[in-house]
Amino acid sequence: EIHIKEPIEKEVNPRLLPGELLLCEASTVYKYIQEDGSNRGTYGKLVCTNFKIAFLDDDSASDDNEPQFKNKIVGENDITLQCVDQIYGVYDEKKKLLTGQLRKYPEKLIIYCKDLRVFHFCLRYTKEEEVKRIVSGIVHHSQTPKLLKRLFLFSYASAAPNNTDGRNQTVMFDTLEDWRDELERTKGNVKYKAVTTNESYRVSEKLPLYFVVPICVSEESILKYEGRGIPIWCWSCHNGAALLKMSAFPKEQDDITSQTQKAFLDGIYKTISKPPYELLKMDDLSSSLPSLQDIQIAYTRFKQLFLIDNSTDFWATDVKWFSLLESTNWLEIIRRVLKKAIEVAECLERQHTNVLLIEESATDLCCVISSLVQVMMDSYSRTKSGFQSLIQKEWVIGGHGFLDRCNHLHKSDKEEAPVFLLLLNCVWQLVQQYPPAFEFTETYLTVLSDSLYVPIFSTFFFNSQHQKDTNMSGESLKTQSAPFRFLTVWDWSVQFDPKAQAFLNNPLYAEKPKLDKSQRKMARFKHQRQLSLPLTQTKSSTKRGFFREETDHLIKNILGKRIGKFINSSDEPPNSFREFYDSWHSKPVDYHGLLLPRIDGPEIKVWAQRYLRWIPEAQLHGGGTIATAAKILDLMEEVQSLQVKMDEEHSQAV
């Protein structure tokens, strides 16, 4: 039985943003609501603009069924061109991947999105001319290589009235002052200095304009190899130990070059290993963590589990869910990254050593590990503005190649790797294990991951600060010479109204109690005692440990076979790590101190809100974390209004 709504008479026009142009459209397209085999759906118009692909039915014209949590830029039937992952055409019930020129046009179009939505459009009732136009238009605009200046970001920036103030408490790290303030905040200014050596990018286009290095490093050294082999400061711990990163020299070089480089490095290591600097531990991430290629392969396998065509497929995978999940290796990569971050935290916190992270360009896994360590060790990074400033510092200004890693321009698949998503997945593990420690919610992380594909913000659409700066001026467009004013993603009011923004903040965040002066001295002493952990072997708790001797023999036998794989999957950590880990987990959690994620076996979970949100079978009707959050927000509003009433009564009585 096919339910067909009468095609609509009234004209529905897409809502266009400033600078957005309608490129092609097709009417009487039938969108299947959910591929459950019943063919239910609605008729509407499918349009493609220079910003998005959108489906407009007669419901989209009415405002009465507005959801509570709504994005002002991207509607539920909108797909930005950057968000399109793959497009398939269905020919006589067979699926075929569509790229480039088409000879024959499909009767059905399936669009898989990077935020894991799946759209099915039936084109049987659409005029043949329109089918040709819309299909080739969509494939061309979303799948073929683009020039940077053709991104919607530039059309929007030149057309939109820019009256928003992006400076919302987020430190942007594009001035020398910002770096100096950060040094002061972390008490790192005794041994480290912010340098202006790279002004007008005379050292390297990969490095930011301003960055921080050890005081003993000279300007000549920085200039010598375009900033390679120079330890760059990320963050200082309360005990003075610091986290540094460095881009390594290329591996394949002739002997003479590599010897002079080795001598240069030895000189640098010597100067930063003697007092006042702490001992130095080096960690080459390219050998101790999975390669970007492994990460990309794992994520590609992982996301296939969620890009589901219909409920039959869903139930088919449901039976083998855990083995499918494990075979993707994605959760194991998350576990290895978290474990590495704990190892770094142990060096800084307990062994008082500086840690130098080394990677070819120091802009991929270095960003992941340094950000995670700061989230675990610095409670400021667990506030919303602190976390945003951290992303600015380590990723946006730090030179992570968002353009290449997200493949926004479809230039080359070889460069693509979900590095930033990996960080968000790791942070989500912490948010989900210790909710009161974070000022933001998992919804915030989900929305942030979606913003990767919204090209009206400049935050995630450049490879480096240099690339952004050189493309800021609008001279190539002849019409205007004023520089573009790009929006920053941190201005959440662009995407959400205040009611929706409430879901990004955690109402149960355990704020830091404000102390008066006499308490402050005490607290500082206590804080340091509480954080530095015993070096002697402590008896690990029976509760937290994973398979201790006390564990029932039978359980060990039954489960051991299943979970043994988890534990030994990457070499069991050395003793000091285990001891540090168990010792921390045997104490009560201080939400403003050090946080260590639980990483044993089944503790690493799937970020359900991001990955399962579009699959109806996986939803709890009227339940789940968002429903809980809404309930808590309502309760808090009630408490606040009662408080106001009481204050009024009290003042009247007085």
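Modeller: In this predicted model, the open sheet is made of four strands, ordered S11-S12-S14-S13, with mixed pairing. The edge positions are taken by strand S11 (232–236) and strand S13 (280–284); each has a single partner strand, so one side of each lacks a neighbour in the sheet. From one strand to the next, the twist averages 20 degrees. Strands of a sheet pair through backbone hydrogen bonds, in either a parallel or an antiparallel manner. S11 and strand S12 (residues 242–247) run antiparallel and are joined by four bridges. Within this part of the sheet, Ser-236 is placed opposite Ala-242 of S12.

Two helices lie across the sheet strands. H10 lies across S11, S12, S13 and strand S14 (354–359), and runs at about 145 degrees to S14. Helix H11 (residues 365–377) lies across S11, S12 and S14, at about 150 degrees to S14.

In H9 (residues 321–328), the buried residues are Trp-321, Leu-325 and Thr-328. Viewed down the axis of H9, these buried residues fall within an arc of 60 degrees, so they line one face of the helix. An α-helix has 3.6 residues a turn, so residues three or four places apart point the same way. After H9 comes Asn-329, which has a positive phi, near 75 degrees.

Definitions and conventions
Residues are numbered from 1 along each chain as its sequence is written. This is a predicted model: local features need pLDDT of at least 70, side-chain atom pairs count only at pLDDT 80 or more; totals for chains, interfaces and linings use all residues. Side-chain values use heavy atoms; hydrogens and water are left out. Buried means under 20% relative accessible area, exposed over 50%, partly exposed in between (1.4 Å probe, protein chains only). The arc is that of the directions from the helix axis to the C-beta atoms. Two strands pair if DSSP finds at least two bridges between them. Axes are lines fitted to C-alpha atoms, for helices over the stretch in contact, and angles run from 0 to 180 degrees between N-to-C directions. Contact means heavy atoms within 4.5 Å.
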